[in-house]
Amino acid sequence: MPAKPDSVAPPGAPKGTYRIETWGCQMNVHDSEKLAGALEAEGFVPAPPSCEADVVLLNTCAIRQKAEEKFFSEAGRLLAGKRRRPGMILGVCGCVAQAEGKALLERAPHVDFVLGPRSAPAAVADLVRRLRAGDESARGTVNLELRDDAVRFPFDRIRRDPGSPGKAYVTIVEGCNHRCAFCVVPKTRGREVCRPMGDVLAEVRALAARGVLEVEFLGQTVNSYRDEDGRRLGDLLHAAAEIDGLRRIRFTTSHPAQMTDALIDAMAAARPKVCPYLHLPVQSGSSAVLSAMRRGYDRDGYLGRVARLRERCPGVSLGTDVIVGFPGEGEPEFRETLALLEEVRFDTVYAFAYSPRRGTAAHELADLVTQEVKLDRLARIQALQKEIQAERNRLWLGRTVDVLVEGTSKRRSSEASGRLPENRVVNFEGAAAPGTIVAVEIVRASAYSLWGHRVPREP
Ligand code: SAH
Ligand code: F3S
């Protein structure tokens, strides 16, 4: 008797379900989009919320101890799931995978494979296929290759978040050639490789043709971009700004020592498509601490970059990262950081307590600042920045601004949420389609948020 049509697997029926958990920076978020694309090309589909998946990937972050701990507790939790369903495949990707390698398998033997951030997108599909086919030699694979072709992942395979159709990340640099004394990234992501500019532009054109309004170029040191023909980030900004349909271009993260006059001029020339926002991590306001951190600039050098930016791009918003409690940071050095925040008046500050990382130069340094002092300094940074931000945000009151809608507000489901070109989040009453740009008049501002009413767009 012929089988009933619905009992036969249709051609192209899913091979199974997958879930990816992601920690860390935008690079990791985007790597997860590549991992998802690689699995979907193999015939897997996302597992529905609250259902167990056949393939689980943990895309990990090693930047601070806390991030690493979160991963180990999640891996422990998944052990129970794996006991219930022995066929489930569990892979660990990202920076903890790279830093721990084989040791991770010893600590978490239920993990099926370990893939570093520069090998995972290209390697994951084959491993999953072999494990599903019962090839036991695939189990326990550790692949930490720092592949140069990581920048050449086929972009039509990337599975971008359907929840934010207006924005897309685009990798332009992989790895980092700096050796900041506190940072594990050069170890986990390897030396810098830049993607050919033609590839980058082809991806941006394809995204714009699909209705994407904003792209964000990604690199750990995005402003060191130089393709094989010597073209720099400024050239890329100029060329991308010519692409029809694209409305906003961002890039992150920039290193202050490579924020050249030429790049600042290129940013200014490519306005308004290049957004008036720059994330420029300062790390410390003390030249002595910056030198110990091996950042490659001092306090005055940093302030000089800010002055130049503000002169050439009036109204530019600035964000930064600060580390408190780096070895050797005494109260006077810390006060220099506070003074720098007061002087620059950043729009956003991400402050972190220094976390010693194995394999970094600072790991061996003595003169450690106690956790108590670190937490006290964090609180003082946050209190100062709260005041500065409240004042900066009040400058928006009464202005009508373009908001690229991202979705519903996290706090209130009756409100929509989106971003200004300056990267500020704005919430406003009513619904609006994600991926569109609407006009909003700002009527309320606090230290952490802006709130407004939608208004008709001016002709
Ligand atoms: N490539 C970027 C981002 C590096 S990681 C850059 O050049 O800045 C993001 C931020 O994490 C850093 O800017 C730094 O402020 C923080 N960070 C890095 N390593 C850290 C550590 N060991 N302890 C605390 N914070 C750290
Ligand atoms: Fe890390 Fe410094 Fe590079 S913070 S990513 S080593 S620029």
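## A cis bond at P272 and the basis of the model

P272 is found in the loop between α9 and β12 (277–279), where helices (H or I, at least four residues) and strands (E, at least two) are DSSP runs numbered from the N terminus. A cis peptide bond joins R271 and P272, with omega at about 0 degrees.

This is a predicted model, in which local features need pLDDT of at least 70, side-chain atom pairs count only at pLDDT 80 or more, and totals for chains, interfaces and linings use all residues. Residues are numbered from 1 along each chain as its sequence is written, chains are lettered from A and ligands numbered from 1 in the order in which they are written, and side-chain values use heavy atoms, with hydrogens and water left out.

## Other backbone features

A cis peptide bond also joins T252 and T253, with omega at about 5 degrees. T253 lies in the loop between β11 (248–252) and α9 (261–269).

Two residues other than glycine have a positive phi: S50, near 60 degrees, and N423, near 80 degrees. S50 is in the loop between β2 and β3, and its relative accessible area of 80% makes S50 exposed; the classes are buried (under 20%), exposed (over 50%) and partly exposed in between, with a 1.4 Å probe and protein chains only. N423 is placed in the loop between β16 and β17 (425–429). In general, most residues other than glycine have a negative phi, and most peptide bonds are trans.

Helix α5 (residues 120–132) contains 13 residues and reaches 17 Å from its first C-alpha to its last, close to the 18 Å expected at 1.5 Å a residue; the expected span is 1.5 Å times one less than the number of residues. Its buried residues are A120, P121, A123, V124, A125, L127, V128 and L131. They pack against α1 (26–41), β2 (44–46), β3 (55–60), β4 (89–94), β5 (113–115) and β6 (141–143). Just after α5, G134 takes a positive phi of about 85 degrees.

N143 belongs to strand β6 and is buried, with a relative accessible area of 16%. Neighbours within four places in sequence aside, N143 is in contact (heavy atoms within 4.5 Å) with V114, L115, G116, S119 and A123.

## Nonpolar cores

A nonpolar core is a set of buried Ala, Val, Leu, Ile, Met, Phe, Trp, Tyr and Cys residues joined through side-chain atoms within 4.5 Å. The largest has 71 residues, of which I172 and F217 touch the most other members. Not counting residues up to four places away in sequence, F217 touches V170, I172, V200, V204, V222, L236, L237, A240, I249, R250, F251 and T252. A second, separate core of 24 residues includes A47, A97, L104 and A108.

Around ligand 2 are C176, H178, C180, F182, C183, V185, P186, Q220, T221, H255 and R295, each with a heavy atom within 4 Å of the molecule. This shell divides into six nonpolar, four polar and one charged residue. Ala, Val, Leu, Ile, Met, Phe, Trp, Tyr, Cys and Pro count as nonpolar, Asp, Glu, Lys and Arg as charged, and the others, Gly among them, as polar.

The domain assignment of the protein chain gives domain 1 (16–147) and domain 2 (400–454), with bounds from an automatic or database assignment. Their centres, taken over C-alpha atoms, are separated by 35 Å.

S409 occupies the loop between β15 (400–408) and β16 (415–419) and counts as buried at 6% relative accessibility. Apart from neighbours within four places in sequence, S409 is in contact with E415, A416, S417 and N427.
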